[in-house]
Amino acid sequence: MNGAERLEKLKEIFDDLFDIPDDHVLIVEGQKDKMALWLAGVSGRMTAVQSEGGPLKVAERLFEEKMNAVILTDWDHEGEKIAKELERCLSSLCIKYDLTIRRRLRSVCGNEIRDIESLPSFNARLVNEHIRGKEVKTK
């Protein structure tokens, strides 16, 4: 996948994040992840596992509030562990959750970045490469 294709896929993912229903909470690992999504323009409801007492506490709160979840943990080793624990906790409380956006991010970003907090700089780099590529082609 070239840079322009990656940029388009990332835009589609951000569009999907902007359209998350009101009864869904984006679950990230930490406050930096929340800030990164906010900087990217995502304004939906978010919760950070680290500051909420861990996956079980987050799942219990979502159960009480009758909310669904979108799991957006990092795709490094620790993020994978947290995602699996969230899946287990959410499933045990019959809470609907979604991992597709996380999988799509992982696919688009590959090994270049491994965390949510790096998304704004990754997106900016792709945009800059795309713009420079157009300038080179027009000369």
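Q: How many bridges join strand β3 to β4, and which residue in β4 is the bridge partner of Ala 69?
A: In this predicted model, strand β3, which covers residues 68-71, runs parallel to β4. The two strands are joined by two bridges. Looking into β4 for the bridge partner of Ala 69, one finds Tyr 97.

Q: What is the order of the strands in the open sheet, and which are the edge strands?
A: The open sheet is built of four strands with parallel pairing, and their order is β2-β1-β3-β4. An edge strand here pairs on one side only, and this holds for the strand at 46-48 and for the strand at 97-98. The edge strands are therefore, given that pairing requires at least two bridges between two strands, β2 and β4.

Q: Which strands does helix α4 touch where it packs on the sheet, and what angle does its direction make with that of β3?
A: Helix α4, made of residues 77-92, packs on the sheet and touches β1, β3 and β4. The direction of helix α4, taken against that of β3, makes an angle of about 165°.

Q: How are α3 and α4 oriented to each other, and what is the handedness of their crossing?
A: Helix α3, residues 55-65, packs with α4 at an angle of about 40°, and their axes are 9 Å apart. The two helices are therefore oblique to each other. As α3 passes α4, the crossing is right-handed.

Q: Which residues of α4 make the contact with α3, and how many charged residues does that contact have?
A: On the side of α3, the contact is made by Pro 55, Leu 56, Ala 59 and Leu 62, and on the side of α4 by Ile 82, Glu 85, Leu 86, Cys 89 and Leu 90. Sorted by class, the contact of α3 with α4 has eight nonpolar residues and no polar ones, and the number of charged residues is one.

Q: Why does α1 count as roughly antiparallel to α5, and what is the handedness of their crossing?
A: Helix α1 (residues 3-18) packs with helix α5 (residues 100-109) at an angle of about 160°, their axes being 10 Å apart. That angle makes α1 roughly antiparallel to α5, because angles over 145 degrees are placed in that class. The crossing of α1 and α5 is left-handed.

Q: In which helix do Phe 14 and Phe 18 lie, and how are their rings arranged?
A: One aromatic pair is found in a search of the whole structure. Phe 14 and Phe 18 both lie in helix α1, where they are four residues apart, about one turn of the helix. Their ring centres are 6.5 Å apart and their planes stand at 20°, so the pair is stacked.

Terms used: Residues are numbered from 1 along each chain as its sequence is written. This is a predicted model: local features need pLDDT of at least 70, side-chain atom pairs count only at pLDDT 80 or more; totals for chains, interfaces and linings use all residues. Side-chain values use heavy atoms; hydrogens and water are left out. Axes are lines fitted to C-alpha atoms, for helices over the stretch in contact, and angles run from 0 to 180 degrees between N-to-C directions. Angles under 35 degrees count as roughly parallel, over 145 as roughly antiparallel, 65 to 115 as roughly perpendicular and the rest as oblique. A crossing is left-handed if the near helix is turned anticlockwise from the far one by less than a right angle, and right-handed if clockwise. Contact means heavy atoms within 4.5 Å. Rings of Phe, Tyr and Trp (its six-membered ring) pair if their centres lie within 6.5 Å; planes under 30 degrees apart count as stacked, over 60 as edge-to-face and the rest as tilted. Ala, Val, Leu, Ile, Met, Phe, Trp, Tyr, Cys and Pro count as nonpolar, Asp, Glu, Lys and Arg as charged, and the others, Gly among them, as polar.
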